[in-house]
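Subject: Structure for your files

Dear colleague,

Here is the structure I promised to pass on. My notes on it follow below.

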Amino acid sequence: MNAPDDRALRVAVAPAVGVRQPLIDGVEKVTGRALYTADLPARHALVGAILRSPLPHARIRGIDTRAARAMPGVRAVVTGDDCDVPYGVIPIAQNEFPLARERVRYRGEPVAAVAAVDAATARAALAAIVLDLEPLPALFDAKSALLPQAVQLHENKPGNVEREVDHSFGDVDAGFAAAALVREQRFHYAEVTHAMIEPNAALAEWDAARERLTLHSVTQVPYYVHLALARCLRLDESQIRVVKPFVGGGFGHRTETLNFEIVAALLARAAADTVKLELSREETFLTHRGRPQTDIRLKIGLTREGRISAIDCEVIQRGGAYAGYGLVTILYAGALLHAIYRVPASRYHGLRVYANTPPNGAMRGHGSVDVRHAFEALLDQMAAELGLDPFDVRRVNLFTAPHRTINELQVNSCGLGECLDKVEAASLWRERRGRLPAGRGLGMACSHYVSGSAKPVHWTGEPHAVVNLKLDFDGGITVLTGAADIGQGSSTLLAQAVAEVLGLSLDRLRVIANDSVVTPKDNGSYSSRVSFMVGNAAVRAAQALRALLVAAAARRLGVDEAEVDCLGELYRTVDGERTVGYREVVTAALADGGTLTVKGSWSTPVEVQGGKFKGAAVGTGAGYSYAAQVVEVEVDEATGMVRVLRVWVAHDCGRAINPLAVEGQVQGSVWMGMGQALGEETRYSDGLPLAANLLDYRVPTIVESPPIDIFIVEAPDPNGPFGAKEAGEGSLSGFLPALTNAVADATGLRLTELPASPDRLLDALQARARRQRVQRAIAEAKQQAGA
């Protein structure tokens with residue numbers, strides 16, 4: 001046998017899982033070598049541009065494009081007449097066109113597009129297009145849209161209701177009757193958006209000779225884009241190639257096909273050329289898909305010990321002009337009232353309502369964030385009324401996994417109790433709460449999220465996730481995946497999973513992701529599915545490859561496969577007598593058939609796929625992550641300014657495959673939660689966005705970012721890869737109530753409207769002062785009258 005190479009001399013297999021591994025694409029990102037969609041070389045590509053509606057609601061009487069088409073340098077002009085097929089991420093709710101047809105329903109909706117030889121010509125062509133629009137009454141809030149006399153935005157959706165949900169489990173009325181304390185509160189949440197750093201862009205190439213389309217785009221869901229392009233352009237799916245380059249964040253904005261992607265493809269085909277379409281920051285804001293403006297009415301019953309006896313919740317969401325993810329969002333809001341505490345009875349009514357604003361969609365913590373704030377804020381208030389500590393109330397409502405909720409969500413692991421212990425101790429909660437200087441306060445809250453939706457959006461019967469591994473003569477292993485790495489580190493995680501099973505170092509591996517002609521189909525990066533589902537597929541693929549390598553080693557060693565130990569760079573008989581190096585094993589494995597390609601796939605077990613009632617699939621998860629956090633704030637009552645001094649957060653991710661990435665994801669979740677809690681909101685004037693840029697739309701900066709102490713809790717899930725669960729969303733929704741509970745501790749004022757911007761908080765403080773003055777005056781008057 002050949003002598004093993006140098007690496008084979010290292011017999012001990014270094015673990016790949018549980019290691020603080022820098023992201024494998026980090027070098028490209030920090031050196032500027034990473035190519036994002038707008039960076040892709042496209043010599044002689046035409047410049048695309050979109051004409052948008054100046055009105056929030058209007059009938060399209062005509063679009064005159066003759067002057068634009070006649071301009072020198074204009075190669076294509078398209079309108080709604082060029083695509084009569086609606087699209088949308090949910091197959092049963094596709095009511096949006098890439099370019100408006102018959103009516104425009106929000107200000108900024110695309111109505112026409114051009115492709116020209118340069119940007120100046122494209123702009124001139126847009127200016128030459130004449131729109132004939134008949135203004136129609138517009139609706140800018142859910143209350144107005146629900147009025148009986150309101151104009152109907154979609155003829156097949158009476159009352160402007162996209163989806164109404166009524167779910168009831170257990171005996172709710174009996175639960176309230178048995179409660180020692182029942183409280184009801186209303187909450188209001190501003191609409192927020194993703195504010196990812198990279199603006200939207202697409203590069204579309206039409207091969208006229210072969211009638212094939214290649215699209216590079218910023219998407220999180222290349223497969224869903226592929227399907228939409230085939231539908232809208234009436235092409236066979238085999239005629240399309242979709243490639244995802246580096247992506248500068250998504251946070252849910254890119255979890256559905258977006259209009260500009262289809263528009264770019266339409267332009268490329270019309271021009272029989274390549275078209276690059278780059279959206280401005282304002283246009284990216286207009287594309288939107290953010291968290292909807294939401295009104296919540298919540299009622300909770302508690303026993304004297306703080307146990308939940310019943311909940312009753314109503315949620316009304318302003319969903320914008322089109323369906324998008326709407327029916328999923330409103331179902332999530334009700335479903336995820338559960339699976340965090342033991343709830344014996346619940347009633348939920350949800351309304352997703354159309355309005356003449358840009359369409360809403362999925363955003364980090366999809367469907368759970370606003371409802372979790374309402375729940376944790378009201379629970380905190382009730383704990384105070386009962387004289388109970390907030391931590392004690394959470395603990396008395398914990399369940400022990402495995403646990404099946406009354407709405408049939410299956411929870412197989414839960415480390416929330418340990419999360420509570422971690423942040424309570426680290427923040428010195430018992431020692432410090434109630435003893436801080438004036439204007440400072442501590443608040444706490446819990447949160448959770450799914451590790452991938454148990455049922456896919458597009459049900460085909462195929463596995464939920466597939467990973468291919470290719471082993472060739474060089475001994476290198478190529479991981480082929482359709483999973484979209486959008487900065488969360490999924491490609492690194494998959495490499496670690498494969499390396500762990502095979503006992504190899506990461507320098508043996510290369511990850512190729514998101515090219516539909518090379519990589520297997522994957523549903524995409526949404527609902528925190530990649531770690532759990534694609535991670536499992538990677539593990540299974542690696543196990544299949546390991547079996548082939550062990551068989552090859554056994555042939556070389558002249559023993560049964562059961563007598564071979566795989567030590568990564570070395571294969572050894574179990575008695576330690578004989579060894580063979582990895583490269584020699586690879587040669588033996590390839591001897592008969594050449595290059596090896598193996599596949600691993602995974603689908604969610606039936607028991608986690610939920611019940612049979614309408615809407616039961618939404619909220620089901622392959623697993624659930626849990627988090628608890630404490631926030632310390634300082635409130636300036638003279639200005640209404642809230643400053644976050646420190647955050648302690650513990651996140652149960654099952655198993656931290658890459659603790660470095662887990663910490664980064666938890667920090668990002670907290671940071672995004674802080675943005676929604678303190679300042680972020682989209683604002684409109686007659687449908688015109690007033691904050692469609694990163695100056696007026698106030699995301700936190702490093703100046704506002706506090707120290708974040710992170711504690712990783714590992715309650716392994718029996719179905720997760722190495723026990724892992726999600727880490728990128730579950731901590732977000734807990735920050736908002738932890739912050740407002742801290743403000744209540746500092747000021748005695750409980751906020752029911754977010755964001756807690758200085759103007760809102762100051763108004764609330766001044767309103768309280770006025771009420772107190774009136775109450776004092778009344779008391780004094782009564783005292784004088786009695787005297």
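**Loops with positive phi**

Phenylalanine 251 is partly exposed, at a relative accessible area of 30% (buried means under 20% relative accessible area, exposed over 50%, and partly exposed in between, with a 1.4 Å probe and protein chains only). Before the rest, note that this is a predicted model, in which local features need pLDDT of at least 70, side-chain atom pairs count only at pLDDT 80 or more, and totals for chains, interfaces and linings use all residues. Residues are numbered from 1 along each chain as its sequence is written, and side-chain values use heavy atoms, with hydrogens and water left out.

Phenylalanine 251 sits in the loop between β11 (240-243) and α7. Helices (H or I, at least four residues) and strands (E, at least two) are DSSP runs, numbered from the N terminus. Phenylalanine 251 is not a glycine, yet its phi is positive, about 60°. Asparagine 514, also a residue other than glycine, has a positive phi near 65°. Asparagine 514 belongs to the loop between β21 and α15 (530-557), and it counts as buried at 3% relative accessibility.

**Cis peptide bonds**

Alanine 401 and proline 402 are joined by a cis peptide bond with omega of about 0°. Proline 402 is in the loop between α11 (390-396) and β16 (403-404). The bond from leucine 754 to proline 755 is cis as well, with omega near 10°. The loop that holds proline 755 runs between β31 (753-754) and α19 (758-786).

Strands of a sheet pair through backbone hydrogen bonds, either parallel or antiparallel. Here two strands are taken as paired if DSSP finds at least two bridges between them.

Strand β19 (residues 465-471) pairs with β25 in the antiparallel sense over seven bridges. Within this pairing, leucine 469 is opposite valine 598 in β25.

β18 and β26 (residues 624-636) run antiparallel and are joined by eleven bridges. Arginine 440 stands opposite glutamate 634 in β26.

**The second largest pocket**

A pocket is an open set of points on a 1 Å grid over the protein atoms alone, where a 1.4 Å probe fits, with protein on both sides within 12 Å along at least five of seven lines; lining residues have an atom within 4 Å of a point. The second largest pocket has a volume of about 600 Å³, that is, the space filled by probe spheres set on the points, which are joined across faces, edges and corners.

Its lining has 24 residues, and Met641, Leu678, Gly679, Arg698 and Glu704 lie nearest the centre. Two or more lining residues come from each of β27 (641-652) and α17 (659-678). β27 gives the most, with four residues. The lining divides into twelve nonpolar, six polar and six charged residues (Ala, Val, Leu, Ile, Met, Phe, Trp, Tyr, Cys and Pro count as nonpolar, Asp, Glu, Lys and Arg as charged, and the others, Gly among them, as polar).

Alanine 270, in helix α7 (residues 259-271), is partly exposed at 46% relative accessible area. Not counting residues up to four places away in sequence, alanine 270 touches Arg75, Ala76 and Val78. Alanine 270 and valine 78 are 192 residues apart in sequence and 7.6 Å apart in space, C-alpha to C-alpha.

Glutamate 283, in helix α8 (residues 281-287), is buried at 16%. With the sequence neighbours up to four places away left out, glutamate 283 touches Ile50, Arg52 and Glu278.

Regards

Technical notes: Contact = heavy atoms within 4.5 Å.
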